[in-house]
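Work through the exercises below with the sequence and the coordinates open. Each task is followed by a solution in steps.

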Amino acid sequence: IKFLKGYRYDNYWAGAKKACDDIGMSLPDKSKLQSLYEAGKKDSSLGLPTSGYFWSSSENNVFPYSAYVVRSYDGATLNSDKYNSSREVLCVGD
């Protein structure tokens with residue numbers, strides 16, 4: 001798992017996916033992010049983020065301009081505009 005900060009892209013969701021790809025990792029889907037939230041809640045020594053909204057690779061099929069994010073302090077899955085610059089990236093190895 002690698003936490004990336006400071007990437008820039010017009011389509012921030014696409015930028016998040018590219019940033020993970022560039023380091024040989026991937027943007028996790030919303031289920032994986034929720035699993036990471038649960039694991040971090042059970043074991044704080046894992047060092048997983050406890051604040052912020054993290055992009056998932058899961059797109060919203062109804063609204064093509066949006067993708068899902070997972071809120072790290074409670075594991076909630078939310079819909080987000082792909083052009084929202086206030087989301088963060090957590091890359092995972094395959």
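The model is predicted, so local features need pLDDT of at least 70 and side-chain atom pairs count only at pLDDT 80 or more, while totals for chains, interfaces and linings use all residues. Residues are numbered from 1 along each chain as its sequence is written, and side-chain values use heavy atoms, with hydrogens and water left out.

**Exercise 1.** Find the disulfide (a pair of cysteine sulfur atoms within 2.5 Å) and state which parts of the chain it ties together.

Solution. 
1. A search of the whole structure returns 1 disulfide.
2. The partners are Cys20 and Cys91, with their sulfur atoms 2.0 Å apart.
3. Cys20 belongs to helix α1 (residues 12-22) and Cys91 to strand β5 (residues 89-91), so the link ties together parts that are 71 residues apart in sequence. Helices (H or I, at least four residues) and strands (E, at least two) are DSSP runs, numbered from the N terminus.
4. The angle about the S-S bond is -85°, and the link of Cys20 and Cys91 is left-handed.
5. Cys20 is buried at a relative accessible area of 0%, and Cys91 also counts as buried at 0%. Buried means under 20% relative accessible area, exposed over 50%, and partly exposed in between (1.4 Å probe, protein chains only).

**Exercise 2.** Describe the burial of strand β3 (residues 66-71) and its pairing with β2 and β4.

Solution. 
1. In β3, 6 of the 6 residues are buried.
2. Ser66, Tyr68 and Val70 point one way from β3, and Ala67, Val69 and Arg71 point the other way.
3. Strand β2 (residues 53-59) pairs with β3 in the antiparallel sense over 4 bridges; two strands pair if DSSP finds at least two bridges between them. Trp55 stands opposite Val69, and a hairpin through 6 residues joins β2 to β3.
4. Strand β4 (residues 77-81) and β3 are antiparallel over 5 bridges, with Thr77 as the bridge partner of Val70. Their hairpin has 5 residues between the strands, and Gly75 in the turn has a positive phi of about 75°.

**Exercise 3.** Give the volume of the largest pocket and list the elements that give two or more residues to its lining.

Solution. 
1. The largest pocket holds about 250 Å³ of space.
2. Its lining has 18 residues, of which Tyr37, Leu48, Pro49, Thr50 and Ser72 lie nearest the centre. On a 1 Å grid over the protein atoms alone, a pocket is an open set of points where a 1.4 Å probe fits, with protein on both sides within 12 Å along at least five of seven lines; lining residues have an atom within 4 Å of a point.
3. The elements giving two or more residues to this lining are α2 (30-42) and β3.
4. The largest share, 5 residues, comes from α2.

Conventions
A disulfide is a pair of cysteine sulfur atoms within 2.5 Å. Grid points are joined across faces, edges and corners, and a volume is the space filled by probe spheres set on the points.
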